[in-house]
Amino acid sequence: MDRMPLTDDEATLFASWFHALSDPTRIRILNLLSTTGDELGVGTIVDTLALRQSTASHHLKVLHDVGFLRRRRHGTSVLYRVNANCLERFPSAADLVMGRLRVDAAPTAPGWVAEPA
């Protein structure tokens with residue numbers, strides 16, 4: 001059999017990714033960061049998308065926690081950018097869930113989701 005069922009850990013990981021993408025504000029934030037191709041601070045994100053800072057910070061944390069964003073401290077600011085490695089491979093998660101890709105052919109989460117040390 002070429003296709004194996006997802007493990008509980010894989011299903012939990014993929015559910016966290018899909019959950020992170022289930023909010024229109026998070027989609028807008030990812031789109032902004034993807035289309036600018038640059039690091040942006042919370043203030044710029046707030047101004048561009050007409051969000052409250054607390055709202056933006058919450059959504060940025062969710063996206064960062066699942067690995068879609070990277071962040072770095074620059075002085076007193078935190079700058080965010082898309083984790084290109086993660087987003088490049090995200091479509092394979094949908095294929096795995098739908099049974100169109102073998103589980104053993106998929107990248108493992110820690111190798112491409114986690115930020116480098």
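Lys61 lies in helix H4, and in this predicted model the residue counts as partly exposed, because its relative accessibility is 46%, a value between the limits of 20% and 50% that separate buried from exposed residues. The C-alpha atom of Lys61 is separated by 9.7 Å from that of Arg71, a residue 10 positions away along the chain.

The helix that carries Lys61 belongs to a protein chain with 6 helices and 3 strands, arranged along the sequence in the pattern α-α-β-α-α-β-β-α-α. The protein chain comprises 117 residues, of which 35% are buried. When contacts between residues at least 6 apart in sequence are considered, 57% of them join residues at least 24 apart.

Helix H4, which spans residues 53-65, packs with H2 at an angle of about 75°, and the axes of the two helices are 10 Å apart. Because this angle falls in the range from 65 to 115 degrees, H2 and H4 are described as roughly perpendicular to each other. On the H2 side, the contact is made by Thr25, Arg26, Ile29 and Leu30, which meet Ala56, His58, His59, Leu60, Val62 and Leu63 in H4. By residue class, the contact of H2 with H4 consists of 6 nonpolar residues, 3 polar residues and 1 charged residue.

Thr25 is placed in helix H2, which covers residues 24-36, and its relative accessible area of 17% is under the 20% limit, so the residue is buried.

Helix H3, formed by residues 42-49, has Val42, Ile45, Val46 and Leu49 as its buried residues. These residues lie on the same side of H3, because they cover an arc of only 100° around the helix axis. The elements against which the buried residues of H3 pack are H2, strand E1 (40-41), H4 and strand E3 (77-82), so that both helices of the perpendicular pair described above are included among these partners.

Just after H3, the backbone at Ala50 takes a positive phi of about 55°, although the residue is not a glycine. Ala50 is placed in the loop between H3 and H4, and with a relative accessible area of 69%, which is over the 50% limit, the residue is therefore exposed.

In helix H1, which covers residues 8-20, Phe14 and Trp17 are found 3 residues apart, about one turn of the helix. The structure holds 1 aromatic pair, in which the ring centres of Phe14 and Trp17 are 5.1 Å apart and the ring planes stand at 45°, so the pair is classed as tilted. Phe14 and Trp17 are both buried.

Further positions were examined in loops and in a strand. Gly67 lies in the loop between H4 and strand E2 (69-74), where its relative accessibility of 3% is under the 20% limit, and the residue therefore counts as buried. Within strand E2 itself, His74 has a relative accessibility of 49% and so counts as partly exposed. The C-alpha atoms of His74 and Gly41, which are 33 residues apart along the chain, are separated by 9.4 Å.

Gly99 is placed in the loop between helix H5 (84-97) and helix H6 (109-113), and its relative accessibility of 25% means that the residue counts as partly exposed. Although Gly99 and Pro5 are 94 residues apart along the chain, their C-alpha atoms are separated by 8.3 Å.

Definitions and conventions:
Residues numbered from 1 in each chain as written. Predicted model: local features only at pLDDT ≥ 70, side-chain atom pairs only at ≥ 80, totals over all residues. Heavy atoms only, no water. Helix = DSSP H or I, 4+ residues; strand = E, 2+ residues; numbered from the N terminus. Buried < 20%, exposed > 50% of the residue type's maximum accessible area, 1.4 Å probe, protein only. Axes fitted to C-alpha atoms, helices over the stretch in contact; angles between N-to-C directions. Parallel < 35°, antiparallel > 145°, perpendicular 65-115°, else oblique. Contact = heavy atoms within 4.5 Å. Nonpolar A, V, L, I, M, F, W, Y, C, P; charged D, E, K, R; others polar. Arc of directions from axis to C-beta. Phe/Tyr/Trp six-rings, centres within 6.5 Å; stacked < 30°, edge-to-face > 60°.
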